[in-house]
Amino acid sequence: MIDVREAITRAHHEEWARVVAALTRRFGDLDIAEEATAEAFATAVERWPADGIPPSPGGWLTTTAKRIAIDRIRRESKRDDKQKQAQMLYDDDPAEPPGAIDDERLRLIFTCCHPALAMQTRVALTLRMVGGLTVPEIARAFLVQETAMEQRITRAKAKIKTARIPYRVPSADDLPARMSGVLTVLFLVFNEGYLATGPGTDPLRHDLTEEAIRLTRLIRTLMPHDGEVAGLLALMLLTQARRTARVSASGQLIALGEQDRGTWDTALIAEGHRLVRERLAARVAPGRYQILAAINAVHTSARDARDTDWSQVVALYDQLVRIDPSPVIALNRAIAVAEIDGPQVALSTVDRLEGKLAGYHAYHAARADLLRRLGRSQESREAYDKAIELAGNTAETAYLTRRRDQLG
Amino acid sequence: MQYLVSVINDTSELATPDEMTAIDAFNDRLQADGNWVFAAGLGSPSSATVIDNRAGEAMITDGPFLESKEYIVGFWIIEAPDLDVALKLAAGGSRACNRKVEVRPLLSE
């Protein structure tokens, strides 16, 4: 019994996207593909315990799902043949096959992450169609009503059909921009899991971080030569490696410098470091995820916080600022600079960012910490107050409150 | 597959001579590449009249059905195999007329 349940869970992880993708290709309809795939898994739950696990679970699921889809289309085509035909999802083979990256699942990912869909919709659709999460699971993850989430996904599928969002891997010209859109979706899912917002939520949502890692791994298998895919995967792994050290038993966030590094996940760190080294060896100008991964590699290489190679961290931030001159990056760079040039130098940089970051809790948290180190307790307390007011994550609020209350 | 590309005006300015030249060049390209179906500019919303004959007695109202700072000042109907192609063409249109545009599919059948 346990074996069957495990087999179904594994099949769900490994085969869901493949089955949905194969059916979408075959029937040209996301709706039919999604429903038939869900029903095929439900059939597996019913049948496998009695009939045994089929030798090829993926093959069994695809065949079963196809049969379910054909039944449904036959039933519906009796009713509205013409309309069904008109609504078939547009699908064409590019004249030049993209070779190594020609996998049905990639088409599915690019369709779900299409820029003509709102970001929230892309996230929901990707988790449903590619990740195989149920609508209630996605609704819970983003704290919205199930009916609202259901509607969002239904509307997205309707738009894909009506506006003819194509089911294909973008051409080489468009690929970098579209790929970066896909990575944004995955990073958003990861961050929501890593720093969940909302007063009633767990500060860490491992279901979301793990799902994001799983999907990024999938894309990495499909596009093994894309540097940013490798970079994002490394960044997620090196962040995830610190998950248990990051929140205390009482639910407070623990800053990087105070974490018990013995509890970091060495396997994830080793894998992340391998990816970062692979990218360094490629000798191609790195994108933002690769640089962020490299920064995390520096942190996770230090066995003691005091051994951190801060000049390396600052050098990497300098590189990042050149490709992404956003105030948030400048803020993080300043925090690293404080470790080399001291809090006074860092504070003057941070203060210059006020106009752009006054509404961002991390800006006030960084100022509070620098002011504390300079012994300016009163100003520090005010900055902590502001940060606490703006922070959305419960563990972070608890951490900031403790730091404020420790001020003399 | 056909798409309506509406040109959204958010000023009271009409197209400048430079914009007109760019629009003409864009139209020529649409025609040469087989994406052209139709295009037109529209009179201002103040020239609109709304008529409601649902009850069988035509009610005539002066002005547009929706008062708004942004309004449609012209449109293209283009032929494109899918939304990706339509969006690329619309991006060229937006650039040419120097305004934002909205892309909507025409329902077939």
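Biologist: Into which domains is chain A divided?

Modeller: In this predicted model, chain A is divided into domain 1 (2-89), domain 2 (225-244 + 261-308) and domain 3 (319-408). The C-alpha centres of domain 1 of chain A and domain 3 of chain A lie 51 Å apart.

Biologist: Which residues meet where helix 18 of chain A faces helix 19 of chain A?

Modeller: From helix 18 of chain A, the residues include A:His361, A:Ala365, A:Ala368 and A:Leu371; among those of helix 19 of chain A are A:Glu379, A:Ala383, A:Tyr384 and A:Leu390. The residues of this contact divide into seven nonpolar, three polar and four charged.

Biologist: What makes up chain B, and in which order do its elements run?

Modeller: Chain B has two helices and six strands. From the N terminus, the order is β-α-β-β-β-β-α-β. The C-alpha trace of chain B spans about 45 × 40 × 20 Å along its principal axes.

Biologist: What percentage of the residues of chain B count as buried?

Modeller: Of its 109 residues, 22% count as buried; the criterion is 20 or more other C-beta atoms within 10 Å of a residue's own. Among contacts in chain B between residues at least 6 apart in sequence, 74% join residues at least 24 apart.

Notes: Residues are numbered from 1 along each chain as its sequence is written. Chains are lettered from A and ligands numbered from 1 in the order in which they are written. This is a predicted model: local features need pLDDT of at least 70, side-chain atom pairs count only at pLDDT 80 or more; totals for chains, interfaces and linings use all residues. Helices (H or I, at least four residues) and strands (E, at least two) are DSSP runs, numbered from the N terminus. A residue is buried if 20 or more other C-beta atoms lie within 10 Å of its own, exposed if 12 or fewer, and partly exposed in between; C-beta atoms are placed from the backbone. Two residues are in contact if their C-beta atoms, placed from the backbone, lie within 7 Å. Domain bounds come from an automatic or database domain assignment. Ala, Val, Leu, Ile, Met, Phe, Trp, Tyr, Cys and Pro count as nonpolar, Asp, Glu, Lys and Arg as charged, and the others, Gly among them, as polar.
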